[in-house]
Protein chains: 2
Amino acid sequence: MNRLLELFASRPDQYLSGEEISRTLGVSRSAVWKQINRLREEGYVFDAVPRVGYKLAGKPDKLQASSILAKLKTNKLGRPLFLFDQLDSTQNEAQRRLSEGAEEGSLILAEEQTAGKGRLGRSWHSPPGKGLWMSLILKPDIPFASAPHLTLLTAVALCRCIRRLTKIEALIKWPNDLLVAGKKISGILLETRLEEERLVSVAAGIGICVNLEQADFPAELQDKATSLMLAGGEPVDREVLLVAFLEEMEHWYELYLREGFAPIRTVWEALSTSLQRRVAVGGVEGMAVGLNEQGALLVRLDDGRTVPIFSSNIAESTPAG
Amino acid sequence: MNRLLELFASRPDQYLSGEEISRTLGVSRSAVWKQINRLREEGYVFDAVPRVGYKLAGKPDKLQASSILAKLKTNKLGRPLFLFDQLDSTQNEAQRRLSEGAEEGSLILAEEQTAGKGRLGRSWHSPPGKGLWMSLILKPDIPFASAPHLTLLTAVALCRCIRRLTKIEALIKWPNDLLVAGKKISGILLETRLEEERLVSVAAGIGICVNLEQADFPAELQDKATSLMLAGGEPVDREVLLVAFLEEMEHWYELYLREGFAPIRTVWEALSTSLQRRVAVGGVEGMAVGLNEQGALLVRLDDGRTVPIFSSNIAESTPAG
């Protein structure tokens, strides 16, 4: 453990002056100050009282593999679990582990991503300690043309889990963004590998903004993104959420392998905020009316024809009212 | 260069006795003998005359990146070129390089693969110096559902290139094996990565049995596989073949991106040995009659219905006569 943290641990609930810390650890005052700031960035909370000193008032909420596994009741999903303090991106790590033969159910978790991946080559903001940034490895025996099903399935599982656990009324924006009151609360990105027409593996990347505060979002996301804590008014235990998600995911995944896409489609449609709205995508504009059996969004054009659209970025125009 | 090879190079066309070599290099007679055997495994040919000695009579046919690039007239395919003496598999290396951002056209070549990958999880026999074992990276901007097109396109390019260069009448067995007189001469395995429904990259693995002799094939392939040299009666220059393939591949790839699958389909059907034959695949049995626009094989059942079949392993039963 860090010597500064040891010192605070040996004097619980006491204020320690900068000079005292500096003397005890044999480092300069400015080194003490720098270290306290670094720990704050990691999620430690210090009360600072001028001319009195610092008190350790809170520790970061760190994920613990042992405590997650102790709570987890899934058959497969989440095992083995690989937990990192920091990764470039959990998707990249998943790809590396797939190349080494990682098995179905493997879960990669990182407290922080330095290059989190979003859809369409965008980045995904992943500050430490306040979100769930993960990649889940699946190896379903399904035709390659069914790959879109898994994206929709993941959105259904996450949406249901959030509703069940927090009472927040999350909705799915096609194909797989979760929205709360119009703001994005999570992102899903599935990377699939095919060998010829055989689906070999899926790395399902899932980012959930759990306990981010408003200030944790960069300027360009201030109006567009929110967190479960901001939406629900109280912090959410990340480990409890993670375990609930994996269990929900396993439920829908097993159902899908047993009964196909039909039940997923029904629930997706019920949870969707995209249907019965006008959408404009890739030159096509019309009313989104449902999903087809491949998982494409069905758009009814103004001339009455209905066309299937696979995922890309849809811009919602006016609500249908 | 190896000191033994240097010694032979300094005395061209001379026989050197084991004792002389041993004395000159300062190593034991048995070390000389071991090294000659090791060089033989690498493709060097030594004439050995009892009580006279050894003469270097042939060097291995080694691929040279500089000489390949000097011959290559493609716009993109084959550049950059990564040439290895030995790899686990060029497909694995391609995946590693894709994770590091390898660009379209990149080519991975290995003189030998220790764990070459075939279709359906099978291994691919890849002895050193006598074949072309490669992976070509493509990044076409096409819908994920078009992935099967690229498999068929690769088979067309390779089949045309072999026919043009060697006059060997290669035929395509659905989906992508090349046959000469009923024996397999090459294998193609495409590994595709999707992000959601966007095709991100393809590693096209291509193995061509160029100058393998009958004894180079393991027992279980003796009846099933052959090489261009065995089929055509003379060795084929591997670099010339490689360059011709990349040029042919680029031609069909550019045509496909410009005009879609229709021209590929026509040529594939003309080169195919699978059509107008009875096939049995996954419970379905009937007459193979063509490809549909997605690249699936159309099979006409005995009741008159025609069903599309995506690639898997088809067992040919009786020819249609």
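**Note on two annotated residues and the pairing of the chains**

1. K184(A) lies in strand β8 of chain A, a strand that spans residues 183-195. The structure is a predicted model, and the values below should be read with that in mind. K184(A) counts as partly exposed, its relative accessibility being 26%.

2. Apart from residues up to four places away in sequence, K184(A) touches W124(A), D177(A), L178(A), L179(A), K224(A), A225(A) and T226(A). With one of these, D177(A), the contact is polar and runs from side chain to side chain at 3.2 Å.

3. The UniProt annotation "binding site", which comes from an unreviewed entry, covers K184(A) together with Q113(A). Q113(A) belongs to strand β4 of chain A, made up of residues 107-113. Is Q113(A) buried or exposed? With a relative accessible area of 10%, Q113(A) is buried, because the cut-off for that term is under 20%.

4. Once neighbours within four places in sequence are set aside, the contacts of Q113(A) are L87(A), D88(A), S89(A), T90(A), W124(A), S126(A) and W133(A). The side chain of Q113(A) comes to 2.9 Å from the backbone nitrogen of T90(A). W124(A) is listed among the contacts of Q113(A) and also among those of K184(A).

5. As for the two chains, chain A is superposed on chain B by a rotation of 180° with 0.0 Å of shift along the axis, leaving an RMSD of 0.4 Å. The two copies are therefore related as by a two-fold rotation axis. Within chain A, R193(A) has the C-alpha nearest this axis, at 2.3 Å. Both copies use the same surface, since 100% of the contact residues of chain A recur in chain B.

Definitions and conventions:
Residues numbered from 1 in each chain as written. Chains lettered and ligands numbered in written order. Predicted model: local features only at pLDDT ≥ 70, side-chain atom pairs only at ≥ 80, totals over all residues. Heavy atoms only, no water. Least-squares fit on C-alpha atoms with pLDDT ≥ 70 in both. Contact = heavy atoms within 4.5 Å. UniProt positions renumbered as here; feature names shortened; annotations may be inferred. Helix = DSSP H or I, 4+ residues; strand = E, 2+ residues; numbered from the N terminus. Buried < 20%, exposed > 50% of the residue type's maximum accessible area, 1.4 Å probe, protein only. Polar contact = N/O pair within 3.5 Å; in protein donor to acceptor, adjacent residues only side chain to side chain.
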